[in-house]
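Dear colleague,

I am handing over the structure below, together with its sequence, and my notes on it follow. Please read them with the structure open beside you.

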Amino acid sequence: MTLILILTGFYVLWLASLLKVAYTPSLFQNYTLFKAINSILFVIISVISWRHSTIGILTFWPLLTAFCMAAFGDIAIGVANNRHGPDGATRSVSGMAGVGFFCVAHIFYLLFFTQFCPMRPYHFILPIIALLVMLYVTRHPSFHFSRHTRPAAVFYYMVVTLMFSVGLGASIRCITWSPLFSVHVPFNGWLAGIGVALFLISDILMLPLYFYSRRKCPRWVRFANLTTYYIGQLLLAISLAL
């Protein structure tokens, strides 16, 4: 447990360094490297947390795969940002590869959470809302979506919201089981619930950060996107042990 706390502290410090790099033009060439290190750290923390948990490897592997796919997505989007800048990142091959990695990651997060909260019809309410919203947003003149990125974006946000719905349901189950029935739960529901919520927020912030074209995106959006994403990943990782 001490090692988890030490790595968590280092992770937060490295995230602060990443934010410094993201906002300093003379350091921005190191953006991909700093993102990669933060991503490798949440993968390592998840493995160490799993070693302190009660769940088996067959239960854990979808979550580990999700973390690894997310790390690959981080690196790919970091490369796209360094080569093309935020405006061109989503139209580059590496940027689209990053979105693909994240989509696969969300599917594996979903597989992990369905082990504790089987999908029900009401879990599809939010994805249907996301479908309708994204069909509108991707055709709005304020956002730049091509004929290739439009269907990808619609599908991506349907997967993201489905993962959030099921992940939140699994987290709520863990919260209600533990104090009321003294049942040993597989992960900390509070941490996991906040983690999936932050993950959803970070994905929503990608819309103004990468696709809004009417005016330059406010500087705080990148800060909020990186912070919610990396803190959300950290909370999901350590929820296995705390």
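**What was found**

Phenylalanine 10 counts as partly exposed, because its relative accessibility is 39%. Please keep in mind throughout that this is a predicted model. Tryptophan 14, by contrast, is buried, with a relative accessible area of 19%, which is under the 20% cut-off for that class. Both phenylalanine 10 and tryptophan 14 belong to helix 1 (residues 2-22), where they sit four residues apart, or about one turn of the helix.

The structure holds 20 aromatic pairs in total. One of them joins phenylalanine 10 to tryptophan 14 in a tilted arrangement, with 5.8 Å from centre to centre and 35° between the planes. Ring pairs also link a cluster made up of Tyr11, Phe42, Phe67, Phe102, Tyr109, Phe199, Tyr229 and Tyr230.

Turning to charged side chains, the structure holds one salt bridge. The partners are lysine 35 and aspartate 74, whose closest N and O atoms are 3.8 Å apart. This pair links distant parts of the chain, since lysine 35 lies in helix 2 (residues 31-51) and aspartate 74 in helix 3 (residues 57-89), 39 residues apart. In general, side chains of opposite charge can pair when their charged atoms come close. Are the two partners buried or exposed? Lysine 35 counts as buried because its relative accessibility is 5%, and aspartate 74 likewise counts as buried, at 2% relative accessibility.

On the surface, a nonpolar patch is formed by Met119, Phe124, Ile128, Leu132 and Leu135, which together have about 470 Å² of accessible area. Of these residues, phenylalanine 124 is placed in the loop between helix 4 (93-114) and helix 5 (125-137), and phenylalanine 124 counts as partly exposed because its relative accessibility is 37%.

The loop between helix 4 and helix 5 also contains arginine 120, which counts as partly exposed at 36% relative accessibility.

How values were computed: Residues are numbered from 1 along each chain as its sequence is written. This is a predicted model: local features need pLDDT of at least 70, side-chain atom pairs count only at pLDDT 80 or more; totals for chains, interfaces and linings use all residues. Side-chain values use heavy atoms; hydrogens and water are left out. Patches are made of residues with over 30% relative accessible area and no salt bridge: like charges are joined within 9 Å, nonpolar side chains (Val, Leu, Ile, Met, Phe, Trp, Tyr) within 5 Å. Accessible areas come from the Shrake-Rupley method with a 1.4 Å probe; for residues, only the protein chains shown count as cover. A salt bridge is a side-chain nitrogen of Lys or Arg within 4 Å of a carboxyl oxygen of Asp or Glu. Helices (H or I, at least four residues) and strands (E, at least two) are DSSP runs, numbered from the N terminus. Buried means under 20% relative accessible area, exposed over 50%, partly exposed in between (1.4 Å probe, protein chains only). Rings of Phe, Tyr and Trp (its six-membered ring) pair if their centres lie within 6.5 Å; planes under 30 degrees apart count as stacked, over 60 as edge-to-face and the rest as tilted.
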